[in-house]
Amino acid sequence: QFELIMHRFPFALQPLAVLGMAISVQAAERFEYCVIGAGPGGVQLGYYLETAKRDYVVLESGSGVGTFFHRFPRHRNLISINKRFTGSENTEFNLRHDWNSLLTHNNVDPALRFGSYDTEYFPSADSMVTYLESFAAATQLNVRYETTVTQVARDEDVGVFRVSARHRNDTTNLECCRVVMATGFHLPRRVNPDADGVIEYYDDVPIDPDNFTNQEVLIIGKGNAAFEV
């Protein structure tokens, strides 16, 4: 009987507690699309999957969308421009000067445009969080918060991805036909672990300029973080 269940449901079993002939079987949830991460990329993709009426779920480890922007950029201002007035009524032209709004089918609803949440040319990161939260709520995206993905594995025999996720103290197993990683690049690059205490990294460097008064500072890198510092 156990071998029959394993043959018919090879993907639907949690670790089993077998007592005599009693077997507990818990089926995995199944989705066509599993999107990991609810930052701008994950929310954008969720919007198109929602409007296309696809079977999907967005898994987010934080308590809300856009958790990256709760901490970064460190100085709390974005370098993506927010030009609200261009002198043109052409939607496509205006979008070229709006680097923060997510795309929608009509691109004209003020509630779904970033300019309704911040008036500054270089807007606040906090405004980005508010905007993403409002966008996700207004478009009724299927996002599961406080859900941390712990494993993704491809089952070649069945042709699906097995996704294990942890929500607080519970473990959830999902089957996904397609998995989209929308987590971004978030691991800091450490130059030399032996130099800890001498080298400071972007994610924890002091942002008060007084900390560097009368000091010689070398910045390694020439990306956005380096120019911000």
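Modeller: Welcome! Two strands count as paired if DSSP finds at least two bridges between them. Keep that in mind as we look at this predicted model.

Biologist: Thanks! What makes β1 and β2 a pair?

Modeller: Four bridges join β1 to β2 (residues 56-59), and at least two are needed, so the two strands pair. They run parallel, and Ile36 has Leu59 in β2 as its bridge partner.

Biologist: How do you know that β6 pairs with β1 and with β5?

Modeller: Seven bridges join β1 (residues 29-36) to β6 (residues 170-181), in parallel. Seven bridges also join β5 (residues 160-167) to β6, here antiparallel. At least two would do, so β6 pairs with β1 and with β5. Leu174 of β6 stands opposite Glu29 and is also the bridge partner of Val163. In the hairpin of β5 and β6, with two residues between the strands, Arg168 takes a positive phi near 55 degrees.

Biologist: Why are β3 and β4 called edge strands?

Modeller: The open sheet has six strands in the order β3-β2-β1-β6-β5-β4, with mixed pairing. β3 (143-144) and β4 (147-155) each pair on one side only, and they are the edge strands. Helix α2 (residues 40-51) lies across β1, β2 and β6, at about 165 degrees to β2.

Conventions: Residues are numbered from 1 along each chain as its sequence is written. This is a predicted model: local features need pLDDT of at least 70, side-chain atom pairs count only at pLDDT 80 or more; totals for chains, interfaces and linings use all residues. Side-chain values use heavy atoms; hydrogens and water are left out. Contact means heavy atoms within 4.5 Å. Axes are lines fitted to C-alpha atoms, for helices over the stretch in contact, and angles run from 0 to 180 degrees between N-to-C directions.
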